[in-house]
Amino acid sequence: MSRIQTTFDKLQQHNRRALIPFFTAGDPSPAMTVPLLHAMVAAGADVIELGVPFSDPMADGPTIQRASERSLKQGTSLRGVLDMVAEFRLQDNSTPIVLMGYGNPIEAMGWEVFARRCAEVGVDGVLTVDFPPEESHEAFEHLQRHGIDPIFLLAPTTLEARIEQVAKLARGYVYYVSLKGVTGSGNLDLSAIEQKLPQLRKHIKLPIGVGFGIRDAATARAVAKLCDGVVVGSRIVQQIEDSTEATVIDNVSALIKELRLAVDQA
Amino acid sequence: MYNYPDSTGHFGQFGGIYMAETLIPAVEELRTQYLRYRDDPEFKAEFAYELKHYVGRPSPIYHAKNWSDRLGGAQIYLKREDLNHTGAHKINNAIGQALLARRMGKKRVIAETGAGMHGVATATVAARYGMECVVYMGAEDIQRQSPNVYRMKLLGATVVPVESGSRTLKDACNEAIRDWVTNVESTFYIFGTAAGPHPYPMMVRDFQCVIGNEAKIQMPEMIGRQPDAVIACVGGGSNAIGLFYPYIEDTSVQIIGVEAGGHGIASGHHAAPLTSNSKVGVLHGNKVYLIQDENGQIIETHSISAGLDYPGVGPEHCLLRDLGRAQYVAINDDEALQAFHDLCRFEGIIPALESSHALAHAAKIAPGMSRDKVLLVNLSGRGDKDINTVARLSGITL
């Protein structure tokens with residue numbers, strides 16, 4: 001059984017929701033990424049989405065854009081991110097890691113090489129923001145062959161026929177983008193999420209994570225009531241930006257603990 | 001028979017719809033609506049009417065005889081897109097998309113712009129049809145194309161400076177996409193070039209084909225036959241595909257696309273993905289040849305011309321190159337600048353720096369050809385917007 005499935009199964013047995021933090025690999029520095037991963041797990045993260053920085057992050061708001069720029073300036077590459085996951089796995093063989101980013105760095109490496117390397121280092125899922133199911137045939141084939149879960153996005157604008165289509169391809173969990181906008185936007189509409197979820201559940205048998213626009217404990221708690229996992233990205237990246245190298249671990253741990261508490265209260 | 005894109009929006013391995021999920025239904029709706037109206041007699045009639053009475057089409061073809069005589073070889077003819085309303089070919093596409101936007105009930109339009117010509121065209125049609133207009137423009141481009149920024153403002157558009165990345169056209173695209181994903185229900189994205197997610201490469205090409213369709217009628221009227229070659233500059237490549245497409249099946253006509261060679265391909269400071277043998281990659285919704293590093297990060301490009309300063313190129317140009325049907329070459333900044341000055345002095349026409357790349361390539365090959373050969377160059381835009389740049393390069397402060 002995959003780490004993702006094991007994790008969600010265990011949570012479901014205890015009627016708990018997953019806390020899924022996101023941050024950009026290589027931010028604030030490449031050396032801090034593995035320590036941050038361990039600190040997040042210790043503070044209560046269930047699954048971690050590790051961002052692979054890209055020069056042109058079209059789906060991201062300013063906070064994650066700046067994180068990508070900081071990371072790339074320090075020479076982070078997809079190859080480097082895979083090495084970070086390998087290092088993380090030396091001490092943690094149970095927390096699922098999902099790589100999240102844009103398709104071009106993977107295209108440049110080649111999907112087969114990438115998928116094989118993911119399996120070697122212990123990556124569990126891959127979410128490629130700008131590769132919808134229509135363009136994911138090649139990616140899907142290689143990821144499947146190496147047992148890596150392709151994670152797909154669904155959006156408020158997604159029509160029912162597409163939900164069905166995504167349901168057939170998706171593995172691991174499905175990431176529901178809670179609002180029309182880029183990451184870190186502020187216009188979260190809880191009632192809209194609540195209305196959309198039954199339609200998603202009708203076709204999606206996998207756990208559903210909800211992200212985009214979850215800014216604090218209160219929104220995390222409210223969203224956790226509705227779904228199986230809460231994804232928090234820009235808020236964490238903002239915390240990293242606001243910290244120094246000396247304080248970043250403590251500050252991020254404190255934030256994760258706060259979010260954990262909120263999610264568990266749902 | 002040449003018939004691209006296929007039903008999934010691919011030109012061979014190129015093209016596609018590489019967009020985030022939130023926008024997929026929007027491009028799907030756009031495709032459906034475009035296919036519905038493309039052959040609709042009323043839509044076609046309105047488009048033709050606007051092109052004739054608002055843009056001033058057909059644009060003439062002009063024999064640049066003085067310049068040809070000086071070069072001493074092939075005769076150079078110019079397709080005068082610079083004489084269109086707003087001063088470039090961009091208006092053809094902007095009108096087509098605005099008419100579609102109206103039929104789709106969208107009251108707000110957004111656009112990206114590099115040199116500002118597409119931004120001006122979009123601001124123009126927004127004023128004409130009473131729509132709200134926001135144009136994203138790289139902060140670097142705002143500096144080098146300031147007259148166009150003011151033109152857009154006069155036309156009622158909001159111009160948003162983009163400070164991220166290289167602060168040029170690609171970053172303006174990123175920001176326009178971010179706006180679209182946020183305002184997808186109210187907003188129509190008037191994309192300026194024959195690239196991006198399907199159906200844009202096809203739709204922009206179709207709207208720009210008026211250029212080549214007219215030329216195919218005009219050339220026989222002028223010289224009794226088609227030209228030996230058609231030449232156009234290629235950034236994303238909309239003016240080029242508009243001229244080339246109607247000639248694709250006429251293999252007696254050579255097709256030449258001219259990319260921005262910047263400081264020279266070998267320098268690494270250029271905007272010529274096809275000529276520099278870039279790898280295939282994915283950016284802004286489509287799979288194309290893309291200037292990138294070994295890790296798949298997009299590299300900052302350089303061109304004297306803001307409109308060509310882009311790391312990618314439309315998917316149909318990628319295919320035409322691979323099929324061998326079109327040839328792609330690069331012209332450096334200094335060669336383009338020379339052609340700019342020559343056309344001013346010998347023909348009394350101030351060309352856009354973008355178009356000057358195509359002119360420079362014609363000037364390069366004409367002397368080696370006999371006098372009865374004919375080169376048709378797309379003079380895609382006028383150069384008034386570039387006078388500050390040219391003056392600065394000549395050491396003059398205006």
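The following exercises, with worked solutions, concern the predicted model shown above.

Residues are numbered from 1 along each chain as its sequence is written, and chains are lettered from A in the order in which they are written. Local features need pLDDT of at least 70, and side-chain atom pairs count only at pLDDT 80 or more, whereas totals for chains, interfaces and linings use all residues.

**Exercise 1.** Determine how the side of chain B that touches chain A is made up.

*Solution.* Contact requires C-beta atoms, placed from the backbone, to lie within 7 Å. By this criterion, 30 residues of chain B meet 32 residues of chain A. Next, assign elements: β2 (14-18), α1 (24-38), α8 (169-182) and β11 (279-283) of chain B each supply at least two residues. The largest share, 6 residues, comes from α8(B).

**Exercise 2.** Compare the span of helix α13 (residues 333-347) of chain B with expectation, then examine what follows the helix.

*Solution.* The expected span is 1.5 Å times one less than the number of residues. With 15 residues, α13(B) reaches 21 Å from first to last C-alpha, close to the expected 21 Å. Just after α13(B), B:G348 adopts a positive phi of about 70°.

Conventions:
Two residues are in contact if their C-beta atoms, placed from the backbone, lie within 7 Å. Helices (H or I, at least four residues) and strands (E, at least two) are DSSP runs, numbered from the N terminus.
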